[in-house]
Amino acid sequence: MTPEEWHAWFTVQAGWTRQTRLWLYRQAGLGHARTILEVGCGTGVITAELSRLSPARVVGLDCDPTMLAFARRQGDGAAYVLGDAHILPFSDESFDSTVCHYLLLWLADPLRGVQEMARVTCPGGWLLACAEPDYGGRIDHPPELAVLGRLQAESLRRQGADPEIGRRLGELFTAAGLQATVGTMAGQWRLPDVPDAGFEAEWRMREHDLAGLVAADELRRLRALDRQALTEGRRILYVPTLYA
């Protein structure tokens, strides 16, 4: 996928969690922060949002130089740094608050990632894990689509991710010596609905993830079933997403 396609997908993801994220920002007082770090910033969707919402100096970090090059071209006023979430290239207590969004599931050692984010955050500051999924509690309806949840969880595991990381957030934060509050985002569906840009972006990512795992004709069949269920108001897709 191109950086533009990844950016479109990250924008869709950010839309799912926006209301919870804004609530977390208010709880953390990010509007008064002087320095904010986003770890695993990708193409800069959340970093740019933080720049718009806060007068702070905002820094985005990612290990993918192609993603960072795209983010820098957006001119959002943030600084973008190449680095590894397991070994953050910053001094202790460098940021008032540190944020991540769909990051910990991808880390080889998520506890180390949380410890590093805590290390670079000032005492009394905030560390926000805004969204981490738990595919173990995924709901797909109608039942014929349940196979999609199992396949996507398997695809994530094959890519090195932990699709059930959400349920571990409290454990990880506590092990890192942090005081944590963990919550689950609510799900909402507009029924009936019609396929939109979000549906298309979701299926582009699904086809990317499942290539080589599912035959192309079976993917087309499942996509058609999904579209029909959505237009008939029967489709429910819910992945429990947790924050801390």
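Reply: Two strands pair if DSSP finds at least two bridges between them. Helices (H or I, at least four residues) and strands (E, at least two) are DSSP runs, numbered from the N terminus. The model is predicted: local features need pLDDT of at least 70, side-chain atom pairs count only at pLDDT 80 or more, and totals for chains, interfaces and linings use all residues. Residues are numbered from 1 along each chain as its sequence is written, and side-chain values use heavy atoms, without hydrogens or water.

Me: OK. What is the strand order in the open sheet of 3 strands?

Reply: It runs E6-E10-E8, and the pairing is antiparallel. E6 (132-133) and E8 (183-184) are the edge strands, each pairing on one side only.

Me: How many bridges between E8 and E10?

Reply: There are 2 bridges between E8 and E10 (residues 241-243). Gly 183 has Tyr 243 in E10 as its bridge partner.

Me: Which residues of H8 are buried?

Reply: Leu 219, Leu 222, Arg 223, Asp 226, Ala 229 and Leu 230. Buried is under 20% relative accessible area, exposed over 50%, partly exposed in between (1.4 Å probe, protein chains only).

Me: Where do those buried residues fall around the axis of H8?

Reply: They sit within an arc of 130° seen down the axis, so they line one face of H8. The arc is taken over directions from the helix axis to the C-beta atoms. Asp 217 and Arg 220 are exposed, on the face of H8 turned away from the buried side.

Me: And what follows H8?

Reply: Gly 233, with a positive phi near 75°.

Me: Which residues other than glycine have positive phi?

Reply: Glu 93 is one of them, with phi of about 55°; Tyr 102 is another, with phi near 50°. Glu 93 is in the loop between E3 (79-82) and E4 (95-100). Tyr 102 is in the loop between E4 and H4 (110-119).

Me: Buried or exposed, that Tyr 102?

Reply: Tyr 102 is buried, at 13% relative accessible area. Glu 93 is partly exposed, at 47%.

Me: Which peptide bond is cis, from His 141 onwards?

Reply: The one from His 141 to Pro 142, with omega near 5°. Pro 142 is placed in the loop between E7 (139-141) and H5 (146-158).

Me: What lines the largest cavity?

Reply: His 141 is in the lining, and so is Asp 226; others include Arg 138, Asp 140, Leu 145 and Arg 235. E7 and E9 (236-238) each supply at least two lining residues. On a 1 Å grid over the protein atoms alone, a cavity is a set of points where a 1.4 Å probe fits but cannot get out, a pocket is an open set with protein on both sides within 12 Å along at least five of seven lines, and lining residues have an atom within 4 Å of a point.

Me: Last one: which residues lie nearest the centre of the second largest pocket?

Reply: Gly 125, Trp 126, Leu 127, Phe 173 and Gln 179, out of 21 lining residues. H1 (3-28), H4 and E5 (121-129) are the elements that give two or more residues to that lining. E5 has the largest share, with 8 residues.
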